[in-house]
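Please consult the sequence and the three-dimensional view while reading.

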Amino acid sequence: MKTHGHVARLTILLFLFTLHASASAKAAGSSPCTAPNGSIFNLEPRPNAVTQAALSVAFLPNRAGAGLDLVVATATDQRGLSDSPEAFYVQRSTENCAADLEGGFPSISNAMGLFMPLGTPIVVADPAHDGFFIADLRFASSPDLNGVGIIKATSASLLNATNCPKGTQTAGSAGCFTTGSVSNITSLNDFLVDPNLAVDQRTSGTGAGDVYTVVTETLAPHDFGDTSIFLTACTNADLNCSNSTLISAEDAEAKFAWVQVRPDGVITVSYVNFNSLVPTSEEVKFVTCTPNGAPNPPTCSAPVLVTTETAPVFNKFIGQTRLVDLTMPKHAHRLESNGTVTTFLTYDRCEVKLLKLSKADNGTCPKTDVVVTSSTDGGQTWSPIAKVTNSPFQQFFSAIATDSSTGTVNIAYYSTENDATFQTRPQVFLAQIAPGTTSVGTPSLQTSASIYPNTIAAIPTQLEPVGLGDRIGLAAAGTGTAGQSHAYVGFTWNSVFGTYGGVSLPDMNNHLTFLQY
Amino acid sequence: MKSLTTFALVMVAHMLLLTAPISAATVLCSSPNGARFNLEPRANALPQGSGAVDLLPNRLGAGDDLIVEVGNDSHPRLASGDGYYVHRSSTADCSVQFEGGLPNFTFQGNEVEGFGGTTVAADPARDAFFVADARLGQTGGVGLFRASVSTLLDTKACPNGTHTAAKSTSCWTVTPPVLLFPVPGAFSGGVFSIAVDERPTSAGTGAGDVYAVTEIADNTVNNVSLAACTNTLNCGPAIVISAKEAFQSSSYVRVRPDGVITVNYVGGNASSLDIKFVTCAPAGAPNPPVCTAPTVVQKVTGADPNPLDINLQPFLLPKHAIRAEAGGKFTTFLVYDNCQNTFAPPGSNAECLNAEVLLTTSTDNGKTWSTPISVDTAAGNHLASNITTDPVTGFTQIAYYSSEGDPFQHAVQVFRNQINPGSTALGTPQMVTQTLDPLDGTETTLIPNISFLGVAARGTSPGVTSRLYISFTSSTVAGAYEGFSAPDLNNSITQVSF
């Protein structure tokens with residue numbers, strides 16, 4: 001009996017020690033999320049693996065359990081799950097940045113046809129209504145149409161292991177989602193690209209809970225050279241959507257729209273206007289819209305010029321990386337303690353003149369920066385453009401997200417700053433703007449490992465993303481208590497190899513990492 | 001006390017000895033990443049791709065070799081993109097004293113200009129270098145230049161620095177250049193090669209002759225042709241040495257120590273691809289040699305040896321080297337890049353998962369060949385192979401790029417493998433350059449030419465150390481772009497003593 005008592009005490013001590021050790025390990029950053037390469041965030045088997053390129057990530061803190069975030073990420077996925085090059089990935093069982101389930105997206109049927117997923121899925125979380133929304137491009141035939149798809153998944157549906165089982169959704173993923181809708185439907189003569197969306201997180205007031213999408217629409221009469229930005233408002237519960245509203249005014253080549261909703265329900269859109277015929281400048285624009293309650297369209301102001309960049313990085317090489325950059329402005333809002341809102345906007349820019357060393361050279365930026373500007377007057381005026389970091393070499397694919405629980409603004413990007421010799425191996429960094437300030441703190445390294453980004457997929461696929469794709473996904477949230485916030489970064493990485501004919505070769509995958517703060 | 005003083009003096013003297021020969025301007029040949037071998041200013045530097053290298057050992061002094069490297073140069077500062085780079089200083093290092101682009105010259109009243117494929121061969125017996133390049137004009141072909149060492153050392157004909165078109169002309173046209181394999185318009189051949197019969201001029205028929213070989217393909221003909229020139233470039237008509245295959249490529253010529261000309265090339269049809277070998281008896285240029293029918297060295301199967309990498313783009317360019325044995329016999333070594341593992345994605349052509357360098361050997365003058373073996377069996381890509389034999393010592397050297405140090409199989413180092421005299425067995429692969437180089441380089445629209453490395457190995461007498469030079473493309477030296485330093489592709493060189 002005495003012996004048993006000793007054994008029991010020893011067992012308890014060991015248990016406590018184990019608990020302490022695991023807690024310490026997590027605090028020390030030993031989570032798979034913070035591994036040198038982050039964690040691969042898909043379930044694709046390694047034989048004959050094809051490319052996944054990260055697009056977006058969203059999460060609901062502690063929604064899958066105490067200390068367990070419900071995480072949803074999207075990516076371009078060349079497997080063609082659900083016959084489209086796009087997929088979603090969900091973490092719901094362990095806090096280790098590993099996907100429990102993945103799948104393609106269901107088709108959406110309405111009076112105009114059966115709309116199949118076509119690409120570029122973007123996910124946002126809706127903590128106020130306990131769910132997620134995903135926007136993507138959609139295609140219907142007979143007649144040929146395209147539109148912006150929106151599908152909704154409640155947390156309950158994503159956590160339901162019967163309707164939304166673990167693993168790859170080989171039988172279709174409809175059970176993971178609750179409703180869907182297609183808006184901004186046009187003929188293929190007005191081709192749509194690059195959708196984005198945001199949710200009004202309020203629970204009361206005009207527009208509360210409404211879902212907004214933006215998309216770039218190409219105009220065929222101008223050989224697809226002219227593009228405009230359209231905004232649509234949808235109801236939260238049943239995705240009843242408004243007609244689309246042109247918000248880019250006379251801008252002839254408006255692209256890469258990014259939509260957010262301020263804490264007071266005002267909708268804001270940033271985009272870039274580029275003149276490809278006279279490629280001397282890119283204008284970063286900002287639009288503010290007043291909600292009218294979906295399905296009524298918002299009322300928008302004329303675009304405000306944030307800044308003009310005279311060395312456009314659109315379709316230019318990023319230093320020596322052989323990766324191509326795009327000016328994709330993104331912004332985030334922060335509610336201040338006095339009730340005002342500060343808006344932060346980030347994008348990639350070329351610090352110096354573009355290089356064009358020969359006729360065949362499409363242009364290279366010798367020094368790409370991630371820059372940030374802020375506005376405290378609703379986007380009417382903006383602070384001087386400032387670099388997020390003074391690090392050497394190339395910083396690119398910037399993303400921004402505000403953790404509304406703490407007021408911390410997060411900025412993620414790739415940087416080659418630690419590859420002093422060749423300047424081609426990127427790593428993922430995360431910088432933060434502390435609550436109450438507009439200055440960027442010292443960036444933290446998220447992936448201590450680095451990769452060669454310009455490898456070629458062993459299995460070529462149509463419309464395959466090149467290199468690291470064109471963006472990083474970022475989401476930040478918490479409980480408001482220090483140390484309980486997470487900033488998840490979804491990024492593209494080839495540290496996990498595929499196997500092809502028995503030979504191991506680099507394979508691009510969507511990865512996930514986080515910063516706990 | 002005395003011993004301490006002596007020790008201190010010895011140490012100081014030792015340090016002085018170590019440091020004295022290396023001045024600030026010295027460019028070490030065998031530094032960890034070799035040496036950049038051009039004079040291009042660093043501001044807005046453009047890519048150079050290595051082509052070939054040769055040397056005359058000790059020609060500038062004890063341990064100081066006269067080195068000529070050629071390659072593709074995209075910088076418009078040169079007379080043409082067919083660059084030459086020469087070390088001729090009295091400092092035994094790998095500094096470049098002058099560089100330029102091979103000049104235009106006139107053929108049948110019209111100018112022909114260089115457009116790539118530059119190669120070089122030294123002629124120790126007659127103290128000269130030969131350089132060839134592809135030519136473009138109303139008539140295209142292969143341009144063949146000769147420069148005597150006295151000209152290359154003449155600072156008036158070949159002044160230091162970067163040559164203008166006039167200086168390139170004065171440096172390389174003392175012996176009027178010739179156009180071989182003339183065809184209408186741009187040169188329609190592929191890879192070409194030159195070799196010199198290095199025997200003393202009085203050694204027999206063909207001694208000192210220069211041979212050029214190429215494949216020619218246009219709407220009317222396709223074949224591998226061989227031309228013979230005297231050492232002063234009096235050239236005879238080209239003769240066809242291939243066997244009416246549907247297509248040919250990658251011809252490469254050498255001259256055996258007994259004056260016999262040997263050519264390897266790739267010939268094939270829709271269903272097969274063969275590495276072939278031809279032996280030709282010299283007839284004394286400008287008379288064309290007399291050649292045997294081609295024999296098959298090896299049937300090539302599977303994919304091209306192009307690994308799945310944006311930069312590593314080798315071609316099937318077999319090359320051979322010949323070693324003289326006792327009793328008037330010869331051993332022929334032939335290397336080529338091969339795809340070790342192929343993979344055929346659904347609906348796509350077969351791809352190469354990893355490239356290897358294969359070696360096959362013949363001891364009966366090319367009639368039969370050994371089963372090919374891999375020069376380096378480490379995991380990764382091994383490619384861009386070249387081979388040379390030091391005619392003095394009989395050591396054979398094989399050089400290649402290897403990605404074996406890079407898990408991503410993207411960055412490469414220069415490796416070599418040595419075959420000792422009297423043996424056909426490969427040695428252990430030796431790393432030559434230390435840094436894994438991604439070769440991403442400056443101008444991202446230009447993929448560097450890494451089809452093959454250049455190699456030349458020469459000694460002065462048996463039992464005395466010989467030197468191997470390897471020319472290669474590297475991005476370890478940076479350029480300056482709008483005030484920012486960034487890697488730049490350069491033709492580079494490294495030296496190994498053996």
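Chain A has 517 residues, for which a compact globule would have a radius of gyration near 24 Å; the value for chain A is 23 Å, which agrees. The radius of gyration is taken over C-alpha atoms, and the globule rule is 2.2 Å times the number of residues to the power 0.38. For chain B, with 498 residues, the rule gives a value near 23 Å, and the 22 Å of this chain agrees with it.

This is a predicted model, in which local features need pLDDT of at least 70, side-chain atom pairs count only at pLDDT 80 or more, and totals for chains, interfaces and linings use all residues. Residues are numbered from 1 along each chain as its sequence is written, while chains are lettered from A and ligands numbered from 1 in the order in which they are written.

**The two chains**

| Chain | Helices and strands | Box of C-alpha atoms along the principal axes | Buried residues |
| Chain B | three helices, 32 strands | roughly 85 × 60 × 55 Å | 57% of 498 residues |

Helices (H or I, at least four residues) and strands (E, at least two) are DSSP runs, numbered from the N terminus. A residue is buried if 20 or more other C-beta atoms lie within 10 Å of its own, exposed if 12 or fewer, and partly exposed in between; C-beta atoms are placed from the backbone.

Two residues are in contact if their C-beta atoms, placed from the backbone, lie within 7 Å. Among contacts in chain B between residues at least 6 apart in sequence, 61% join residues at least 24 apart.

**Confidence**

pLDDT is the predictor's confidence in each residue, from 0 to 100. Its mean over chain B is 90, and 92% of the residues of chain B reach 70 or more. Over residues 1-23 of chain B, however, the pLDDT is below 50, and this stretch has zero contacts in the model beyond near neighbours in sequence. For the complex, the predictor gives an ipTM of 0.86 and a pTM of 0.90.

**Sheets and strands**

Strands of a sheet pair through backbone hydrogen bonds, either parallel or antiparallel. Here, two strands pair if DSSP finds at least two bridges between them. In chain A, five strands form an open sheet of mixed pairing, in the order β2-β3-β4-β5-β10. Strands β2 (52-65) and β10 (167-168) of chain A stand at the edges with a single partner strand each, so one side of each has no neighbour in the sheet. Strand β5 (residues 101-103) of chain A runs parallel to β10(A) and is joined to it by two bridges; A:Glu102 stands opposite A:Thr168.

In chain B, seven of the eight residues of strand β14 (residues 210-217) are buried, so this strand is largely enclosed by the rest of the structure. Five bridges join β14(B) to the antiparallel strand β13 (residues 192-196), where B:Ala195 has B:Tyr211 as its bridge partner. Eight bridges join β14(B) to β15 (residues 222-229), also antiparallel, and B:Val213 stands opposite B:Leu226.

**The interface**

Between the chains, 33 residues of chain A are in contact with 31 residues of chain B. Strand β35 (residues 503-506) of chain A gives the largest share of the side of chain A that touches chain B, three residues.
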